[in-house]
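Please consult the sequence and structure shown here alongside the text.

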Amino acid sequence: MDSCNCIEPQWPPDDLLMKYQYISDFFIALAYFSIPLELIYFVKKSAVFPYRWVLVQFGAFIVLCGATHLINLWTFTMHTRTVAMVMTTAKVFTAVVSCATALMLVHIIPDLLSVKTRELFLKNKAAELDREMGLIRTQEETGRHVRMLTHEIRSTLDRHTILKTTLVELGRTLALEECALWMPTRTGLELQLSYTLRQQNPVGYTVPIHLPVINQVFSSSHAVKISPKCPVARIRPAGKYMPGEVVAVRVPLLHLSNFQINDWPELSTKRYALMVLMLPSDSARQWHVHELELVEVVADQVAVALSHAAILEESMRARDLLMEQNVALDLARREAETAIRARNDFLAVMNHEMRTPMHAIIALSSLLQETELTPEQRLMVETILKSSNLLSTLINDVLDLSRLEDGSLQLDLGTFNLFAVFREVLNLIKPIASVKKLHVSLNLAPDLPEYAIGDEKRLMQTILNVVGNAVKFSKEGSISITAFVAKSELLRDSRTPEFFPVPSDNHFYLRVQVKDSGVGISPQDIPKLFTKFAQTQSTATRNSGGSGLGLAICKRFVNLMEGHIWIESEGLGKGCTAIFMVKLGIPERLNEPKLPFMPKVPTNHGPTAFPGLKVLVMDENGVSRMVTKGLLVHLGCDVTMVSSSEECLRVVSHEHKVVFMDVCVPGMDGYEVAIRINEKFTKRHERPIIVALTGNTDKVTKENCMRVGMDGIILKPVSLDKMRSVLSDLLEHRVLFEAI
Amino acid sequence: MDFVNQLQRKFIDYSSSLHREGIVDDQFTQLRKLEDENSPHFVMEVASLFFEDCEKLINNMAIALEQKQGVDFKQIDECIHQLKGSSSSIGAMRVKNACIAFRSFSGAQNREGCLRCLQQLSHEYSLLKNKLQTLFRVSVASRCLYVCLVIFCRENEPAEPFPDVLVFQLEKQIVAAGGSIPRVH
């Protein structure tokens, strides 16, 4: 051989095996060169690859391996030493890098493995979160359902709608098979099936309320799972294999009275309804907690909605009732007004129309009485008169009373003579009383004021009525009238506890007592006396007639005068006493008398010019004595009459201020009397004034009078004014010598 | 009431006729003025007394004038004096005038004259008595009527004074109301 430095391959190159090796090496090289290319390509593509150094290393390793295999291709044929050198170098490098890579991979691979683990973990976690999110979404949806349900329930105030809506919505939300509501019956002892979801007609099936399962549900405020076999749950048609779970919850039925202001409703109410919810059978579904909560919330909302509905119903009912009452009241008021108007019209007509003919009858009958009549005719006329007077009285009484009750009557106040009122009454009564042989006496207390302010007419009417009654109901005996000023200790009478008169400076209380010895009144009749139209039943009084209104009218007058009237009687046959007190005003004193017996200015109403002046009248002639006395009494004097000179001398005293003596009777020695009187009273101020009354005033008479020491002479007949002026002159000047 | 007004009118007519005829004079009016609440029957009482007195005196005078033995003119004089006093007190004018006339005859002791005067006196007295009694009857009747009305009935249209003074104080009322009473002098 030559020294070509060539290296012979060991095997002949044309060997088939060698051929295959040649091809494989070629492909290996190819692959080895493409792997890093791929690697680089994909790494470049991916964003994240933490192990670039490893990649480089691995790339180098692969490339060198590829290079090795590539160079190996040349070693199949004769090849130079250079190729062999390159081959060897490549192999050496490849060996180094591969060892380094191998060493490095020991570190890298566990890391790569752990990445995988983490990835798995994260995946699990993500799955779990997904599940949970699903759950939350379900819950949120449930909440939405509740809100919507509540809204539906609360949007109506109609009870049926509320309940129906509840069941429907619950059924929809929870996908229930059946939902039922049991309401307590009126008696409270049973629960009645009132509403169901699927079954359109609740049968009215009832269940006693005191079942243990029901008690259990009612005693808890939560939804309670109950057995599908209990009576309340057994309402759906049978025939399923596996009934779904059943839950029951109580629905409190609140009443209006449970809601206090600023108070939560009292849950001590015992009335509950029962809501039963059934899951679909064969669904293997279970009641979840959130579903139970939903049910509880709905039950509470229903309770509230129902009570709102109940409250509204109540208030509507109350309002309707009020409206009805208002209408009725309005109608009644209008009717009452109409009635009052009708009555007033009637009274107005009655007043005039009935009185006029009555007056005509009475007037003409009384005039008829004055004419010549036969006894029979007279009797007839008297009867006519009496009857028509009774009728007239009745009319007047009724009209009076209605005016009094109307409140339209007012007192006519004025100053009047109180003594005069009593005397009038006495004078009116005396004829009748004397016919009945009754004795009437009048006692006026000394401290009773003579003048008072009040309604004279009505006071007189009252006294007359009371005294008249006394006369009417007495057949025999006596009647005594007493009048005095009521003192404060007497004012509080135990018999009239409600009457509290308060005397003051301008007023006094006049108390009048009329006692009779007549038939008396039994105690049980006394309260009826003052009522209208009521009369006592005793037969004795039946005949007296009268309308029974008199005392009623008196009572009203007395009340108007701020007083009180009552009657006391010990019983039948024991007489009775009528007592009344009225308030009268005290008139102001116009003239304060400075001297006693100062004559007042003669006015039309003031006849008592010389009150209490003690006077002696001596006159033999009865008639003229009486006339003189009348004159003097009219002037208010206190007159003593004597008819003879002896009597005169006997009676005359220093109390008599004036002595009137008639000196014109022949044979009567008036002058003698005058002398004797002058002798009797030596002191001038004690001596009475002596005045002669004579029929002629000729000179002789005058001289005689002057001679005997008389103070004055008056010509008869004496007129009232003359007497008055004479007396005033005499008392002022103590001397008058002539008055014609 | 209307009947009271009628009564009032009746009274006024009657009493003015009395005055006009001279049966009573001003003194009678004065007497009527004395009637008030205290002495409501004054005139009637005085009149009754007068009638009694008068009758007694006239009787006495008649007896005295019948005496066959001799007429006691002194007694007659006394009677006349009394009668004159009484009649002038009461205001019976005609009676009083008759008395005055009688007086002159009795003073002259003229029996026939006295008898004539006595007759005249009797006549005047009867006339007076009749008239006054009618007047009183009216008053009594109205009073009783009124009392009946008041006791057994109820008269509530008052303002009229009460009947005892009714008749004799109607005049007062009329005057107070601004009217006038017809007077005959």
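## Cysteines

Across all chains, a search of the whole structure finds zero disulfides. The model is a predicted one, and this result, like the values below, was computed from it.

Cys65(A) has a relative accessible area of 11%, and Cys554(A) has a relative accessibility of 2%. Because buried means under 20% relative accessible area, Cys65(A) counts as buried, and so does Cys554(A).

## Architecture of chain B

Chain B contains seven helices and zero strands. Read from the N terminus, its elements follow the order α-α-α-α-α-α-α.

Of the 185 residues in chain B, 54% are buried. Among the contacts in this chain with a separation of 6 or more, 67% are between residues 24 or more positions apart. The chain exposes about 8,000 Å², and 51% of that area is supplied by carbon and sulfur atoms.

## The annotated histidine

Which residue does UniProt list for "modified residue: Phosphohistidine"? The record, an unreviewed entry, gives His81(B). This histidine lies in helix 4 of chain B, which comprises residues 73–90.

Is His81(B) buried or exposed? Its relative accessibility is 18%. Since the buried class covers values under 20%, His81(B) is counted as buried.

Technical notes. Residues numbered from 1 in each chain as written. Chains lettered and ligands numbered in written order. Predicted model: local features only at pLDDT ≥ 70, side-chain atom pairs only at ≥ 80, totals over all residues. Heavy atoms only, no water. Disulfide = S-S within 2.5 Å. Buried < 20%, exposed > 50% of the residue type's maximum accessible area, 1.4 Å probe, protein only. Helix = DSSP H or I, 4+ residues; strand = E, 2+ residues; numbered from the N terminus. Contact = heavy atoms within 4.5 Å. Areas by Shrake-Rupley, 256 points an atom, 1.4 Å probe, with all protein chains shown as cover. UniProt positions renumbered as here; feature names shortened; annotations may be inferred.
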